[in-house]
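Reader: I'd like a close look at one part of this model, the protein chain. Here it is.

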Amino acid sequence: MFRIDFYDLKAVVENLFSILGTKGFRVRAGSDLIFHPGQAMQVSVGKESIGHFGMIHPKLATELKLRNTVFMAEIDIEPVILLTAKTSDEAHLEGLKSTADAFLTKPFNNEIVKATVQQLITERK
């Protein structure tokens with residue numbers, strides 16, 4: 001089983017925009033209080049902020065009674081793709097029953113991520 005860490009999530013976000021050919025996207029340190037200091041990033045395209053990601057702050061995780069380390073990304077793009085290290089059928093089914101349009105597990109294949117995003121965008125047109 002694979003474990004996801006902050007740098008995996010950062011790489012996924014950066015690769016997603018690179019694969020999609022997004023011009024002018026930037027990932028920089030963020031300061032959102034829901035995230036652990038030093039493990040929070042802000043995502044922008046040009047001058048517009050379009051999202052953030054990072055590790056949920058341990059105090060918040062404790063308040064929410066989360067047992068495991070949780071990483072979250074919120075990026076304002078149309079399709080919702082759940083990227084996870086969970087490979088069980090139960091996790092896959094739970095993900096698809098949520099608001100996710102697609103469910104991809106680690107290790108991530110860039111071509112599959114790209115094809116999935118492109119397919120979802122095409123379906124919404």
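How many of the 125 residues of the protein chain, as a percentage, count as buried?

Author: Of those 125 residues, 30% count as buried, where buried means under 20% relative accessible area with a 1.4 Å probe and protein chains only. Before going on, a word on the ground rules: this is a predicted model, where local features need pLDDT of at least 70, side-chain atom pairs count only at pLDDT 80 or more, and totals for chains, interfaces and linings use all residues. Residues are numbered from 1 along each chain as its sequence is written, and side-chain values use heavy atoms, leaving out hydrogens and water.

On confidence, the chain averages a pLDDT (the predictor's confidence in each residue, from 0 to 100) of 81, and 92% of the residues score at least 70. Helix H2 (residues 58-63) has the highest mean, 91, while strand S5 (residues 81-84) has the lowest, 74.

As for the fold, you get 4 helices and 6 strands, in the order α-β-β-β-α-β-β-α-β-α along the sequence. Helices (H or I, at least four residues) and strands (E, at least two) are DSSP runs, numbered from the N terminus.

Now the overall dimensions. The C-alpha atoms fill a box of roughly 40 × 40 × 25 Å along the principal axes. Taking contact as heavy atoms within 4.5 Å, residues 24 or more positions apart make up 37% of the contacts with a separation of 6 or more. Finally, the accessible surface (Shrake-Rupley method, 1.4 Å probe) comes to about 8,600 Å², and carbon and sulfur atoms hold 52% of that.

Note on methods: Buried means under 20% relative accessible area, exposed over 50%, partly exposed in between (1.4 Å probe, protein chains only).
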